[in-house]
Amino acid sequence: MTTHSLLLLPGDGIGPEIMASAVEVIGWFNKRAGKELFTTESDLVGGSCYDAHGVSITDETMQKALAADAVLFGAVGGEKWDNVGYEHRPEAGLLRLRKDLELFANLRPAICYPALAEASSLKKELVEGLDILILRELTGGVYFGEPKEIRDLGNGQKRGIDTQVYDTFEIERITRVAFDLARTRRNKVTSSEKRNVMKTGVLWREVVEQVHKADYPDVELEHMLADNCGMQLVRRPKQFDVIVCDNLFGDMLSDVAAMLTGSLGMLPSASLGAPDPVTGRRKALYEPVHGSAPDIAGTGRANPIAMIASVGMALRYSFGMIEEADLLEAAISKALDTGVRTGDIAPEGAETVGTEEMTRAILDALDSLDS
Ligand code: IPM
Ligand code: MG
């Protein structure tokens, strides 16, 4: 049996608390394997790295991220660093990881666990059994386009500039991932852009159509303007299977999708690079979609499920451990069935548990499902 190396980057706010839960789950799988199936090393990122080193991620940590079999990331950011220069803001560490590891494909599944259908802000029948996947392009678009600056116009006016830019190859590779994933699911892709106002949207649609026609005619394809897509997500979310979109639309649509599942605290994500031509292995980073939640940091009340489910995605997408990934997802579902709820997913007035108890419930469910 091979050993897999994981770089843990807990980050800021609730990051370290939920990473501790991930470490327990990794320990559980090591114990089950009867050996160190996963080795872990921990390092700083975000504001905590800025405090120690004056940058949001160090070159040394970047080297470790490049060498690891997968990176597990917690969350970054917080008021404390609001006045840090733009280049060194906590989020810059995460963006550098995405860019330098070329993690262009961001998978954000939104699954509504049966026990949580009531916790959604939408009617139960709209979200019950929901299982959709937002596939977000992650290394291009307005996040990275140049120029990106605030220009002094010299007349007392300034001009803020961000550049939305996409090349054919960037659209093509994310489109292929969308169709490949759809084939393993319900075989439908919704491509979302704003071709009615954006040139990148026009090109996006063109390339998606070409790839579809050439290599994936068996997959159902529909195009939907991004604003309409946001509306349809809250109107009738189960119409979707895979939604593929650019970096910024993906950021927004995935937050909307998260709420369908009951809480932002439920959504894991995987960010994948292209397969290595020799080993077939993809560079990968796994992180919860929620942020660092500074308001509850340090209180032990954070929901660890998105982080733990991110470990599940690592098992599935980096290590081909499908049975183990299914087991972990079943354990999360089982734990929820027993009624344990962190504050974010609890009905009004209901009793809530903290991060540790929720983690314990999931480990107990793993034990009982595995015996
Ligand atoms: C996300 C986050 C990040 C993003 C921030 C923290 C830079 O909102 O992963 O969705 O905008 O991509
Ligand atoms: Mg976001």
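Modeller: This is a predicted model. We can begin with a crossing: that of α11 and α12 is right-handed.

Biologist: Which residues of α12 make the contact with α11?

Modeller: On the α11 side the contact uses Leu327, Leu328, Ala330, Ala331, Ile332, Lys334, Ala335 and Leu336. Facing them on α12 are Met358, Ala361, Ile362, Ala365, Leu366, Ser368, Leu369 and Asp370.

Biologist: How many nonpolar residues does the contact of α11 with α12 have?

Modeller: Sorted by class, the contact of α11 with α12 has 2 charged residues and 1 polar residue. The nonpolar residues there number 13.

Biologist: Are α11 and α12 parallel, antiparallel, perpendicular or oblique to each other?

Modeller: Helix α11 covers residues 322-337 and helix α12 residues 355-370, and their axes are 8 Å apart. The packing angle is about 120 degrees. Roughly perpendicular runs from 65 to 115 degrees and roughly antiparallel needs over 145. The two helices are therefore oblique.

Biologist: How is α10 oriented to α11?

Modeller: Helix α10, residues 305-317, packs against α11 with the axes 7 Å apart and an angle of about 160 degrees. Angles over 145 degrees count as roughly antiparallel. So α10 is, relative to α11, roughly antiparallel.

Biologist: Is the crossing of α10 and α11 left-handed or right-handed?

Modeller: The contact includes Ile305, Ile308 and Leu315 of α10, with Ile322, Leu328 and Leu336 among the residues of α11. Where α10 passes α11, the crossing is left-handed.

How values were computed. Residues are numbered from 1 along each chain as its sequence is written. Chains are lettered from A and ligands numbered from 1 in the order in which they are written. This is a predicted model: local features need pLDDT of at least 70, side-chain atom pairs count only at pLDDT 80 or more; totals for chains, interfaces and linings use all residues. Side-chain values use heavy atoms; hydrogens and water are left out. Axes are lines fitted to C-alpha atoms, for helices over the stretch in contact, and angles run from 0 to 180 degrees between N-to-C directions. Helices (H or I, at least four residues) and strands (E, at least two) are DSSP runs, numbered from the N terminus. Angles under 35 degrees count as roughly parallel, over 145 as roughly antiparallel, 65 to 115 as roughly perpendicular and the rest as oblique. A crossing is left-handed if the near helix is turned anticlockwise from the far one by less than a right angle, and right-handed if clockwise. Contact means heavy atoms within 4.5 Å. Ala, Val, Leu, Ile, Met, Phe, Trp, Tyr, Cys and Pro count as nonpolar, Asp, Glu, Lys and Arg as charged, and the others, Gly among them, as polar.
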